[in-house]
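Here are my notes for you, written as numbered points. Keep the 3D view open and click along as you read.

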Amino acid sequence: METARVLVAADKFKGSLTAVQVAERVTAGLRRVVPGLEVETLPVADGGDGTVAAAVAAGFERREARVTGPLGDPVTAAYALRGTTAVVEMAEASGLQHLPDGVFAPLTATTYGSGELLAAALDAGARSIVFGVGGSATTDGGAGMLAALGARFLDADGKPVGPGGGGLAELAEADLSGLDPRLKDVDLVLASDVDNPLTGPKGAPEVYGRQKGASEEDIAVLDAALAHYASILGPETAALPGAGAAGGIGYGALVALGARFRPGIEVMLDVLGFAPALARATLVITGEGSLDEQTLHGKAPAGVAAAAREAGIEVVAVCGRLALSPEALSGAGIARAYALAELEPDPAVSMAQAGPLLDRAAESIARDFLS
């Protein structure tokens, strides 16, 4: 009989365990039932928060830079570097995690720090950049990012417009001639799990504005301001998939930085070396905090399962809560899912005890699939 070799390629359980901790807990649970089991761990991410951590776990070097946070205060942001390839996560500079509890700035939050973080990667010698976008506190169409890289956005009096998406309503002239010339020689990949356009009913303000504190009035203001901004920079690009990612930073990267859009999980699996790890495995365990309808639309477990199914390797999943039918799981290439909620129905307790519960779930996987 072929020796079992397990590949654990799971995303974080948001709010309770990092992707690295998920891999450690699953490994411990499996080996409690099958001592000496060969387990390879490859924490994964889909371009959103946790992307830099996944790259570092895969052997990239963690670097840090002081940049401008979404509210204009300095923050420390990390990126990952290996050779001339960098993984930059916009949430590290401009993410919701940098907002104090209950404090939002939907009209004025800026992506300026994301531009500074890209510049730091260029300074470090990066010539290929994976730009993971998601988890943003901002809806400024990437204008702040472009300003940090040398663009100028001026009002009718020739003065810089205010920060954030709200300020773009006053935009009269966009001057991109001062953009960092190194950008022309860089392969910039926009890695995202969302394919929304910039504006309209499926655009960034309407779909994601409320989670950043925007009122209905704010959403209307932001949508109009971003449409005005796009009319000056390039309206065609605003309709492209990914333009609406992370408050429209996708649009800024596509229209002015020569970025190309790819689904985040596909990019990250390439960067992390998933294919060779998959070739060594007889069973793959993936997962994330919530397996639900969103998972099927470009989230990490769906990407892992699709690649494994193509290679003919069985996949099971772990999760905090499961909101997919067995048919939906099977359609995604997942044989079975093990939810912590089945072991502990109280969500607060389940999140607080996620580590030990995940140990137990992994023991069940070992009994069901490995012994």
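**Notes on the fold**

1. Let's begin with the overall picture. The protein has 16 helices and 13 strands. Its radius of gyration is 21 Å, close to the 21 Å that the globule rule gives for 371 residues, so the protein is as compact as a globular protein of that length. Keep in mind that you are looking at a predicted model. Along the principal axes, the C-alpha trace spans about 75 × 45 × 35 Å.

2. Next, the inside. Buried residues account for 53% of the 371 residues. Now take the contacts in the protein with a separation of 6 or more: 71% of them come from residues 24 or more positions apart.

3. Have a look at helix α1, residues 19-33. The helix has 15 residues, and from first C-alpha to last it reaches 22 Å, close to the 21 Å expected at 1.5 Å a residue. Which residues of α1 are buried? They are A19, V22, A23, V26, T27, G29 and L30. These cover an arc of only 165° around the axis, which puts them on the same side of α1. The reasoning behind such a pattern is simple: an α-helix has 3.6 residues a turn, so residues three or four places apart point the same way. As for what they pack against, the buried residues of α1 meet β1 (5-8), β2 (38-41), β11 (283-291), β12 (314-322) and α16 (354-369).

4. Of the 12 residues, 9 are buried, so α4 is largely enclosed by the rest of the structure. Among the buried ones you'll find G113, S114, L117, L118 and L122. Just after α4 comes G125, with a positive phi of about 100°.

5. Now go to the other partner from point 3, α16. This helix has 16 residues and reaches 22 Å from its first C-alpha to its last, close to the 22 Å expected at 1.5 Å a residue. Its buried residues include A354, G355, L357, L358 and D359. What covers the buried residues of α16? The cover includes α1, β11, β12, β13 (336-339), α14 (340-343) and α15.

6. While you're there, find S350 in helix α15 (residues 347-352). S350 has a relative accessible area of 8%, so S350 is buried. Leaving out residues up to four places away in sequence, S350 touches L340, A341, E344 and L357.

7. Time for some aromatic rings. The structure holds 2 aromatic pairs. The rings of Y229 and Y251 have centres 5.6 Å apart and planes at 65°, so that pair is edge-to-face. Y229 lies in helix α8 (residues 216-233) and Y251 in helix α9 (residues 245-256), so the pair ties together parts that are 22 residues apart in sequence. Are Y229 and Y251 buried or exposed? Both are buried. Ring pairs also bring in F153, which joins Y229 and Y251 in a cluster.

8. E288 sits in strand β11, and at 9% relative accessibility E288 counts as buried. K299 lies in the loop between β11 and α12 (300-310). What does the side chain of E288 make a polar contact with? That partner is the side chain of T295, at 2.7 Å. The side chain of K299 makes a polar contact with the side chain of D193, at 2.7 Å. D46, I265 and Q294 are also among the residues K299 touches. Along the chain, E288 and K14 are 274 residues apart, yet their C-alpha atoms are separated by 7.7 Å.

9. One last stop: T139, in the loop between β6 (128-132) and α5 (143-148). T139 counts as buried, at 2% relative accessibility. Setting aside neighbours within four places in sequence, T139 is in contact with P106, G165, P205, K212, L222, L226 and G247.

Technical notes
Residues numbered from 1 in each chain as written. Predicted model: local features only at pLDDT ≥ 70, side-chain atom pairs only at ≥ 80, totals over all residues. Heavy atoms only, no water. Phe/Tyr/Trp six-rings, centres within 6.5 Å; stacked < 30°, edge-to-face > 60°. Helix = DSSP H or I, 4+ residues; strand = E, 2+ residues; numbered from the N terminus. Buried < 20%, exposed > 50% of the residue type's maximum accessible area, 1.4 Å probe, protein only. Contact = heavy atoms within 4.5 Å. Expected span 1.5 Å × (residues − 1). Arc of directions from axis to C-beta. Polar contact = N/O pair within 3.5 Å; in protein donor to acceptor, adjacent residues only side chain to side chain. Rg over C-alpha atoms; globule rule 2.2 N^0.38 Å.
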